[in-house]
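Subject: Structure for you to look at

Hello,

Here is the structure I promised to pass on. Please open it and keep it beside you while you read.

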Amino acid sequence: MDAFRVGASDFVIYSVYPLAIKALFNPVPTNLHSAEELIGYHGSTNGIDYDGGYLFIIHKYVDRSYHRWLYFDPLNRKYGFSNPFTFHDYSYIEFTCSLLQYKAGLFVGLGINDDKAYVCEVS
């Protein structure tokens with residue numbers, strides 16, 4: 001893996017706590033320690049290249065869906081995550097399906113309340 005860079009679509013988030021990433025074709029370190037704040041979160045979106053690593057959106061359902069950005073850099077064995085957030089104020093289920101960077105924009109495919117679907121541009 002240090003001889004070349006794998007693409008974000010070459011691996012998936014297998015577990016968020018403890019953080020375990022599974023590669024489709026190449027070995028990826030999976031014995032990273034996780035913050036307890038990530039307990040109960042699951043992988044949602046594909047990863048995209050971001051700042052030398054990969055960016056994902058993960059989610060957790062409590063009284064509604066909450067999301068976090070998850071940054072993962074397998075080569076330097078670093079990760080980080082954002083505070084929890086929601087996309088819409090009045091939804092109870094939000095399921096992020098895809099993440100895409102196009103030109104200067106960042107877009108999320110998102111299902112809402114089991115009856116709507118959106119492509120949202122996020123900053």
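Is Lys103 buried or exposed? Lys103 counts as exposed, at 69% relative accessibility. The scale is simple: buried means under 20% relative accessible area, exposed means over 50%, and partly exposed lies in between (1.4 Å probe, protein chains only).

Some ground rules come next. This is a predicted model, so local features need pLDDT of at least 70, side-chain atom pairs count only at pLDDT 80 or more, and totals for chains, interfaces and linings use all residues. Residues are numbered from 1 along each chain as its sequence is written, and side-chain values use heavy atoms, with hydrogens and water left out.

**Confidence**

pLDDT is the predictor's confidence in each residue, from 0 to 100. The protein has a mean pLDDT of 81. Of its residues, 81% reach 70 or more. Residues 1–6 stay under 50. For that stretch the model has 16 contacts beyond four places in sequence. A contact means heavy atoms within 4.5 Å. Where pLDDT is low, the predicted coordinates should not be read in detail.

**Two loop residues**

Back to Lys103. It sits in the loop between E8 and E9. Strands (E, at least two residues) and helices (H or I, at least four) are DSSP runs, numbered from the N terminus. The phi angle of Lys103 is near 50°, a positive value in a residue other than glycine. Asp114 also has a positive phi without being glycine, near 60°. Asp114 is in the loop between E9 and E10. Asp114 is exposed, at 68% relative accessibility.

**Salt bridges**

How many salt bridges are there? The count comes to two. The rule asks for a side-chain nitrogen of Lys or Arg within 4 Å of a carboxyl oxygen of Asp or Glu.

One joins the side chains of Arg64 and Glu94, at 4.0 Å from N to O. This pair links distant parts of the chain, 30 residues apart. Arg64 is in the loop between strand E5 (53–61) and strand E6 (65–73), and Glu94 is in strand E8 (residues 94–102). Arg64 is buried, with a relative accessible area of 16%. Glu94 is buried too, at 1%.

Another joins Lys116 and Asp115, at 3.2 Å from N to O. Lys116 is partly exposed, at 40% relative accessibility. Asp115 is exposed, at 54%.

**Around Arg64**

Leaving out residues up to four places away in sequence, Arg64 touches Thr86, His88, Asp89, Tyr90, Ser91, Tyr92 and Glu94.

Now look at Ile112, in strand E9 (residues 105–112). Ile112 is buried, with a relative accessible area of 5%. Beyond its neighbours within four places in sequence, Ile112 is in contact with His88, Ser91, Ile93, Glu94 and Tyr118. Ile112 and Ser65 are 47 residues apart in sequence, and their C-alpha atoms are 9.8 Å apart in space.

**Nonpolar cores**

In soluble globular proteins, nonpolar side chains tend to be buried together. A nonpolar core here is a set of buried Ala, Val, Leu, Ile, Met, Phe, Trp, Tyr and Cys residues joined through side-chain atoms within 4.5 Å.

Which residues touch the most other members of the largest core? They are Trp69, Leu99 and Val108, in a core of 13 residues. The elements that give two or more residues to this core are E5, E6, E9 and strand E10 (116–122). E9 gives the most, with four residues. Apart from this core lies another, of 11 residues, among them Val16, Leu38, Phe56 and Phe72.

Not counting residues up to four places away in sequence, Trp69 touches Leu55, Phe56, Ile57, Gly80, Phe81, Ser82, Phe85, Leu99, Leu106 and Val122.

**Cysteines**

A disulfide is a covalent bond between the sulfur atoms of two cysteines. The test used here is a pair of cysteine sulfur atoms within 2.5 Å. The structure holds zero disulfides. Cys97 is partly exposed, with a relative accessible area of 47%. Cys120 is buried, at 15% relative accessibility.

Best wishes
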